[in-house]
Amino acid sequence: MTEPGRRTRTVTIAALSGIIGVLAGILLLVVFLHTARVGIWDRLATAVSARMTRIDTSQPTVVMQIRRLARLESVSYSMDKMVSGDREGRILPPVLTGDRILLEVHGEAIAGVDLTQLNSQDVHVDARTIHVHLPPAQLFTVALDNARTHVYERQTGLLVPVDPSLEGEVREKAAENLRQSALAGGILASAHQNACVTVTKLLLGLNFTQVTCD
């Protein structure tokens with residue numbers, strides 16, 4: 001083999017050796033980084049990989065995460081009762097001019113917190129500690145279950161026809177009674193408390209260590 005040929009072969013072998021050496025080094029580094037998990041080897045692997053843990057706790061991100069819960073329906077109040085209504089004449093007795101209805105009523109009031117109303121100033125972040133001031137709880141819906149609410153009894157006087165508006169008025173009164181009963185029963189306080197529990201679980205899942213909510 002001529003001298004130029006031997007020189008070319010030597011250069012080629014050296015280049016291949018270098019490539020093989022680099023690949024072997026990379027392979028050993030990968031194995032080391034994946035297996036070093038204890039003591040000084042773990043610290044050395046962390047230093048070699050130069051990785052740092054970063055947690056995004058900026059207010060806009062946190063607010064967006066909470067807002068994704070949207071209208072959080074956190075508590076419901078049910079009512080099952082009998083509600084009556086009647087009209088009576090001023091002169092003749094009820095048996096002649098009266099109109100009485102008895103409704104079997106089923107209804108539900110749902111309360112919660114509209115988290116889409118949360119603003120940036122309602123969230124205060126300090127490292128891994130966060131304080132959230134929730135929007136006020138509100139009644140989302142108060143409605144009778146029409147499929148289960150029905151006339152249980154109707155008595156109409158001999159001299160008058162059935163008043164078609166009486167049932168509607170009794171239903172409206174029953175719905176208002178449901179609303180008042182739910183409020184008196186503390187539905188808004190329960191809704192706020194349950195919303196705080198849900199938001200707290202969400203924020204703890206975002207790696208906050210201390211969460212306060214009011």
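Colleague: Buried means under 20% relative accessible area, exposed means over 50%, and partly exposed is in between, with a 1.4 Å probe and protein chains only. With that settled, what does Arg87 count as?

Modeller: Arg87 counts as partly exposed, at 29% relative accessibility. Before we go on, this is a predicted model: local features need pLDDT of at least 70, side-chain atom pairs count only at pLDDT 80 or more, and totals for chains, interfaces and linings use all residues. Residues are numbered from 1 along each chain as its sequence is written, and side-chain values use heavy atoms, leaving out hydrogens and water.

Colleague: Good to know. Which salt bridge does Arg87 meet in?

Modeller: The partner is Asp163, with N to O at 2.5 Å. Asp163 sits in the loop between β6 and α5 (164-184) and Arg87 in strand β1, so the two are 76 residues apart. For salt bridges, the rule is a side-chain nitrogen of Lys or Arg within 4 Å of a carboxyl oxygen of Asp or Glu. Helices (H or I, at least four residues) and strands (E, at least two) are DSSP runs, numbered from the N terminus.

Colleague: How many salt bridges does that rule give?

Modeller: The count comes to seven. Another one pairs Asp80 with Arg148, at 3.8 Å from N to O. Because Asp80 lies in strand β1 (residues 71-87) and Arg148 in the loop between β5 (138-144) and β6 (150-156), this pair ties together parts that are 68 residues apart in sequence. Arg148 is partly exposed at 45% relative accessibility.

Colleague: And Glu176, what does it form a salt bridge with?

Modeller: With Arg179, where the closest N and O atoms are 3.2 Å apart. Glu176 and Arg179 are three residues apart in helix α5, so about one helical turn separates them. Glu176 is partly exposed at 32% relative accessible area, and Arg179 is partly exposed at 30%. There is a network too: salt bridges that share partners join Arg87, Asp163 and Glu169.

Colleague: Switching topic: how many disulfides does a search of the whole structure find?

Modeller: One, taking a disulfide as a pair of cysteine sulfur atoms within 2.5 Å. Cys196 is joined to Cys213, S to S 2.2 Å. The link of Cys196 and Cys213 is left-handed, with -75° about the S-S bond.

Colleague: Where do Cys196 and Cys213 lie?

Modeller: Cys196 is in helix α6 (residues 187-205) and Cys213 in strand β7 (residues 210-213), so the pair ties together parts 17 residues apart in sequence. Cys196 is buried at 10% relative accessible area, while Cys213 is partly exposed at 22%.

Colleague: Last one, the big picture. How many helices and strands does the chain have?

Modeller: Six helices and seven strands, running α-α-α-β-α-β-β-β-β-β-α-α-β from the N terminus on. Of the 214 residues of the chain, 24% count as buried. Contact means heavy atoms within 4.5 Å, and residues 24 or more positions apart account for 78% of the contacts in the chain with a separation of 6 or more.
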